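Please read this briefing alongside the sequence and the coordinates.

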Amino acid sequence: MRIRHAVFAGLTAAALALLPATAFATEAPVEAPEKPKGTKFWVSPKSVEAGDTVTAQGRCVTPYGFSLVAPEAFKQVSDKSVKRAGGTDVKVTYRAQPGTKPGNYLFVLLCDTVEPSATVKVVPAAKKAPAEKQPAAKQVSKVPAGAPQTGGGPVDEPASAGWLIAGLAGAGAAGAGGVVLMRRRPAGRS
């Protein structure tokens with residue numbers, strides 16, 4: 001009978017010791033699913049003024065290179081396309097030339113036998129109102145004194161308080177198990 005009590009007390013103490021670790025365990029991060037494969041193409045933003053930039057982006061799924069056909073009113077600024085296994089991630093930035101007339105302009109991605117296209121709209125430049133002079137901002141009327149109250153510490157942090165409570169509960173349960181075992185000892189033994 002005594003061995004069963006000792007085993008039970010030992011298993012209980014072990015379970016209580018592991019309780020805080022399992023209570024605060026988090027799930028392993030799940031990796032985002034892989035993006036579907038296929039040729040895609042778009043431009044952003046969809047509308048610009050003359051002088052603004054537009055980025056043509058997409059994925060060209062072919063072992064060969066790609067070509068991007070842009071309107072004459074747009075000049076290439078940068079090409080940050082990256083060749084990867086199974087295709088190329090396309091990212092080319094263009095600038096609408098000053099003086100570009102408002103209207104719709106077509107970009108075409110030539111990718112093997114697929115030719116997706118996207119349209120960007122050039123809009124007239126918005127007229128800007130003259131900036132009004134604003135008075136200088138006033139300083140604060142009351143200047144704070146003393147050190148900033150930042151808080152912090154074990155009481156303000158619930159995670160450390162939880163660990164403390166769980167540890168004390170485990171120690172208390174183990175102590176209670178020991179008391180029960182000591183009381184059940186035969187009177188002749190010490």
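Rings of Phe, Tyr and Trp (its six-membered ring) are taken as a pair if their centres lie within 6.5 Å, with planes under 30 degrees apart called stacked, over 60 edge-to-face and the rest tilted. Under that rule, ring pairs link Phe74, Tyr94, Tyr105 and Phe107 into a cluster. The model is predicted, so that local features need pLDDT of at least 70 and side-chain atom pairs count only at pLDDT 80 or more, whereas totals for chains, interfaces and linings use all residues. Residues are numbered from 1 along each chain as its sequence is written, and side-chain values use heavy atoms, with hydrogens and water left out.

**Fold and surface**

- The chain has 2 helices and 9 strands, where helices (H or I, at least four residues) and strands (E, at least two) are DSSP runs numbered from the N terminus.
- Read from the N terminus, the order of the elements is α-β-β-β-β-β-β-β-β-β-α.
- Of the contacts in the chain with a separation of 6 or more, 58% are accounted for by residues 24 or more positions apart, a contact being heavy atoms within 4.5 Å.
- Buried residues make up 19% of the 190 residues in the chain; buried means under 20% relative accessible area, exposed over 50%, and partly exposed in between, with a 1.4 Å probe and protein chains only.
- The accessible surface of the chain comes to about 14,800 Å², of which 60% belongs to carbon and sulfur atoms, as given by the Shrake-Rupley method with a 1.4 Å probe.

**Aromatic pairs**

- The count of aromatic pairs comes to 3.
- One of them joins Phe74 and Tyr105 edge-to-face, at 5.6 Å centre to centre and with 70° between the planes.
- Because Phe74 lies in strand 5 (residues 74–79) and Tyr105 in strand 8, this pair ties together parts that are 31 residues apart in sequence.
- Phe74 counts as buried at 6% relative accessibility, and Tyr105 also counts as buried, at 18%.
- The rings of Phe74 and Phe107 have their centres 5.2 Å apart and their planes at 70°, so this pair is edge-to-face.
- With Phe74 in strand 5 and Phe107 in strand 8, the pair ties together parts that are 33 residues apart in sequence, and Phe107 is buried, with a relative accessible area of 0%.

**Nonpolar core**

- A nonpolar core is understood here as a set of buried Ala, Val, Leu, Ile, Met, Phe, Trp, Tyr and Cys residues joined through side-chain atoms within 4.5 Å.
- The largest such core has 20 residues, among which Val54, Phe74, Phe107 and Val120 touch the most other members.
- Strand 1 (40–44), strand 3 (53–60), strand 7 (87–96), strand 8 (103–110) and strand 9 (117–123) each supply at least two residues of this core, and the largest share, 4 residues, comes from strand 7.
- Apart from residues up to four places away in sequence, Val54 touches several residues, including Val43, Pro45, Phe74, Val92, Phe107 and Val120.

**A cis peptide bond**

- The peptide bond from Ser44 to Pro45 is cis, with omega near -5°, and Pro45 is found in the loop between strand 1 and strand 2 (47–49).

**A threonine pair**

- Thr55 lies in strand 3 and Thr93 in strand 7, and their side chains make a polar contact (3.5 Å).
- A polar contact is a pair of N or O atoms within 3.5 Å; within protein, one must be able to donate a hydrogen and the other to accept it, and residues adjacent in sequence count only if both atoms are side-chain atoms.
- Thr55 counts as buried at 15% relative accessibility, as does Thr93 at 16%.
- Leaving aside neighbours within four places in sequence, Thr55 is in contact with Trp42, Val43, Ser44, Lys91, Val92 and Thr93.

**Confidence**

- The mean pLDDT of the chain, on the predictor's scale of confidence in each residue from 0 to 100, is 76, and 63% of the residues reach 70 or more.
- Confidence is lowest in helix 1 (residues 2–23), at a mean of 60, and highest in strand 5, at 93.
- Over residues 30–36 pLDDT stays under 50, and the model has 0 contacts beyond four places in sequence for these residues.
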